[in-house]
Amino acid sequence: MTYLTRAVFAFASLLLLLSASALIGFGLMDAIHTIRSPDKSGADAALDMLGYVIVAIAVFDVAKYIFEDEVRRGNERRSAAEARRSLTKFLSTIVIALFLEALVVVFKTARQDVGLLIYPTALLIAAVLVLVGLGVFQRLSATVEEKVGDDDDAEERKDKVKRKSA
């Protein structure tokens, strides 16, 4: 069952990787088409392309996270600190993508209709809330690690003793 699970996660991360590549390709094709069009602005094409690339980076990071944590490492035992670092790296990329996408939408909206700035503002607020949530998670998990860390170390020593005796 472990091999089947790893194969499914490997396939899912491959699909996500291909999707991220397709997003970049579609963004590039759309930008070229927009630039060739006489009635459209090159700045709009660049902002659209930037939006595609930002989403592609976030999708790629999800694929990388799935591959590293589920395929390569599998059911390997991890410490709480390792899990926290991994999740922090993942969420940091997502937060950066949210902030960049919000900035792109702010620039695009400001060029068209300033009255619509409420939507990019809501996206910025959401990104800030995710960042604050990540900070709270970091703080709480660090506190728990301090309390539980000794128990994890004792369990690891027991596992090593069992392996040596077997």
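The structure is a predicted model, in which local features need pLDDT of at least 70 and side-chain atom pairs count only at pLDDT 80 or more, whereas totals for chains, interfaces and linings use all residues. Residues are numbered from 1 along each chain as its sequence is written, and side-chain values use heavy atoms, with hydrogens and water left out.

The protein chain has four helices and zero strands, where helices (H or I, at least four residues) and strands (E, at least two) are DSSP runs numbered from the N terminus. Of its 166 residues, 22% count as buried, a class defined by under 20% relative accessible area, with exposed set at over 50% and partly exposed in between (1.4 Å probe, protein chains only). The accessible surface, from the Shrake-Rupley method with a 1.4 Å probe, comes to about 11300 Å², of which 67% belongs to carbon and sulfur atoms.

Leu87 lies in helix H3, residues 80-112, and is partly exposed, at a relative accessible area of 27%. When residues up to four places away in sequence are not counted, Leu87 touches Tyr65 and Phe137, while its C-alpha atom is separated by 9.8 Å from that of Gln138, 51 residues apart along the chain.

Ser141, placed in helix H4 (residues 118-165), is buried, with a relative accessible area of 14%. The side chain of Ser141 reaches the backbone oxygen of Phe137 at 2.8 Å.

Terms used:
Contact means heavy atoms within 4.5 Å. A polar contact is a pair of N or O atoms within 3.5 Å; within protein, one must be able to donate a hydrogen and the other to accept it, and residues adjacent in sequence count only if both atoms are side-chain atoms.
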